[in-house]
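Look at the model below before reading on.

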Amino acid sequence: MAAAADMTSPDIFSGGVLEIVKYVIVFVKHSGTLGLMRTYGQYCALARGLDLVGDRWTLLIVRELISLGPSRYADLQRGLPGIATNLLAARLRDMETAGLVSRSELPRPANATVFALTEHGAALEGVVREFVKWGAPLMSPPAPDESFRVHWLLIPLRGLCRDNTPDAPAQVVRVGSAADGCDITADAGAIHVTSSALATKPDAIVGGDPGALVALFTGRLPVPAADAAGMIAGDVDAVRRVVGGMPSNVIGASA
């Protein structure tokens, strides 16, 4: 009889499925059970992963917590337009039970409850990143009724941006605003993308409609054209530093 295939071999799985398999292996080792939530009842890594994160809105909550870090309930609601209050509460409760999310109380003067991804919840970033790549061809121009938050670009920008002038001093490019945006820091060849912070003073600020932002950071809208359209305030070279030469399939390939 032929030997069983090595289920951890990269020849068996690739892309998003491999990320889910890796995640489930870690979770099962940590928790020892998947019986806390609804289940497909299938002995399959993909099914077990979907037992945990397959419910509607769950991965979008993960997206918010990856992008924003520890967040208040109201912060999550703002980043999830269309979710019912009771459904958000139920999803957070299920994610806590599964060990994906933790809650803590901030002391005064904040005096607020915040939610954050646990170590195992944060490991879903690879899964989310693969879904972003998979969904890239679906990113045609936004429909008039589609919601958009600039911080939703944070995960794609981590894959899109490059430091094209690594010998230059560190620079920060803000996409959006301090209230809703991403700060791209280029420093010594490395790129760090975080949610915008009031204390950060960017060298350039990029704004515009969702389609134009996607076009700029996928290289389909040249920096000079974006500047001429009034999308860039500040140092245009700082923007050119982080947007040149990126792959076009991370956010979307359709104009």
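Two strands count as paired if DSSP finds at least two bridges between them. Strands (E, at least two residues) and helices (H or I, at least four) are DSSP runs, numbered from the N terminus. This is a predicted model, in which local features need pLDDT of at least 70, side-chain atom pairs count only at pLDDT 80 or more, and totals for chains, interfaces and linings use all residues. Residues are numbered from 1 along each chain as its sequence is written, and side-chain values use heavy atoms, without hydrogens or water.

Start with strand S5, residues 181-187. On one side, S5 pairs with strand S4 (residues 171-176) in the antiparallel sense, over six bridges. Here Arg174 stands opposite Asp183, and four residues lie between the two strands of this hairpin. S5 is also joined by six bridges to strand S6 (residues 190-195), again antiparallel, with Thr185 opposite His192. The hairpin of S5 and S6 has two residues between its strands, and Ala188 takes a positive phi near 55°.

How much of S5 is buried? Five of its seven residues are, where buried means under 20% relative accessible area, exposed over 50%, and partly exposed in between (1.4 Å probe, protein chains only).

Val206 is among the residues with the most contacts inside the largest nonpolar core, which has 50 residues. Such a core is a set of buried Ala, Val, Leu, Ile, Met, Phe, Trp, Tyr and Cys residues joined through side-chain atoms within 4.5 Å.

In the whole chain, 39% of the 255 residues are buried. The chain has eleven helices and eight strands.
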